[in-house]
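Colleague: Hi, I've got this one open on my screen. Please walk me through it in plain words.

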Amino acid sequence: ILYLLLEGVFPMIEYFWENEAFGLMVPVVENIIFFPLVGYFIEYQEDDVFRKKKILAMVNGLAVAALIMNMLYAVRTFQDTGWAETLDGMTMLVGLAIFVDIRYVFGRCRMPRLFEKVVVWCGGGMFGVCLLEPQLREGFFFLYRSLEPYIKWLPAAVIWLLAAMVMGIIIMYVLKKIPVLKKLF
């Protein structure tokens, strides 16, 4: 709730009231406190919590409301400045709903073994993607530039970002083979 207020509701109120002195955005809350706590909660919460339809409905309802509010905010900022901005606090609710929904789906049904292996393989390299994302995204931008004239911009962007992610995962697995670094990762 604190994160949602500081990174979502207060900045939106600040923007729509055009009050520049409000300034309560606290990025430390997001990176150091909020996301590790949410990850810990989702990882170690009992499965029956994620099977309750009321919780799923509430989280997904909040995510849809946040998505709509973020879209309205983006349209308004684009009209005012020429750049569409979004609020991290609202985006967080969408991410939270995705994680809760995935936990719900995987808690109820068994996935094919190959799918599980792919998910585990990707998950094991995501730390490398997070560390190297800006450089990889910039390094693979040539894919987007070369594909975009022939296919629409969205498929070109998806291919570009997926290539960067796969390379980040591969780099992470290569780094894990080095004995000294293996202990760190």
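Modeller: Let's start with a term: a residue is buried when its relative accessible area is under 20%, exposed when over 50%, and partly exposed in between, using a 1.4 Å probe and protein chains only. Glu116 is buried, with a relative accessible area of 18%.

Colleague: Got it. And what kind of model is this?

Modeller: It's a predicted model, where local features need pLDDT of at least 70 and side-chain atom pairs count only at pLDDT 80 or more, while totals for chains, interfaces and linings use all residues. Residues are numbered from 1 along each chain as its sequence is written, and side-chain values use heavy atoms, with hydrogens and water left out.

Colleague: Okay. How many helices and strands does the protein have?

Modeller: Eight helices and zero strands. Both are DSSP runs numbered from the N terminus: helices are H or I with at least four residues, strands are E with at least two. From the N terminus on, the order reads α-α-α-α-α-α-α-α.

Colleague: How much of the protein is buried?

Modeller: Buried residues make up 26% of its 185 residues. As for contacts (heavy atoms within 4.5 Å), take those between residues at least 6 apart in sequence: 62% of them join residues at least 24 apart.

Colleague: Back to Glu116. Which element is Glu116 in, and what does it pair with?

Modeller: Glu116 lies in helix 5 and forms a salt bridge with Arg113, with the closest N and O atoms 3.2 Å apart. A salt bridge here means a side-chain nitrogen of Lys or Arg within 4 Å of a carboxyl oxygen of Asp or Glu.

Colleague: Why can those two reach each other?

Modeller: Glu116 and Arg113 are three residues apart in helix 5 (residues 113-139), so about one helical turn separates them. In general, side chains of opposite charge can pair when their charged atoms come close. Arg113 counts as exposed, at 54% relative accessibility. Setting aside residues up to four places away in sequence, Glu116 also touches Arg110 and Met111.

Colleague: How many salt bridges does the structure hold?

Modeller: Two. The other pairs Asp80 with Arg76, and there the closest N and O atoms are 3.6 Å apart. These residues sit four apart in helix 3 (residues 53-81), so they too are separated by about one helical turn. Asp80 is partly exposed at 48%, and Arg76 is partly exposed at 27%.

Colleague: New topic: how much space is in the largest pocket?

Modeller: About 1000 Å³. A pocket is found on a 1 Å grid over the protein atoms alone: it's an open set of points where a 1.4 Å probe fits, with protein on both sides within 12 Å along at least five of seven lines, and lining residues have an atom within 4 Å of a point. Grid points are joined across faces, edges and corners, and the volume is the space filled by probe spheres set on the points.

Colleague: And which residues lie nearest its centre?

Modeller: Of the 21 lining residues, Ile42, Gly95, Ile98, Phe99 and Ile102 lie nearest the centre of the largest pocket. The elements giving two or more residues to this lining are helix 2 (27-44), helix 4 (88-108) and helix 5. Helix 4 gives the largest share, ten residues.

Colleague: Which residues make up the largest nonpolar core?

Modeller: Nine residues: Val38, Ile42, Phe50, Leu56, Val59, Ala63, Ala97, Val100 and Tyr104. Helix 2, helix 3 and helix 4 each give two or more of them. A nonpolar core is a set of buried Ala, Val, Leu, Ile, Met, Phe, Trp, Tyr and Cys residues joined through side-chain atoms within 4.5 Å. A second, separate core of eight residues includes Tyr144, Ala156, Ala157 and Ala164.

Colleague: Is Ala156 buried or exposed?

Modeller: Ala156 is buried, with a relative accessible area of 0%. Its place is in helix 7, and beyond neighbours within four places in sequence it contacts Tyr144, Leu147, Glu148 and Ile151. Pro155, also found in helix 7 (residues 153-176), is partly exposed at 37%.
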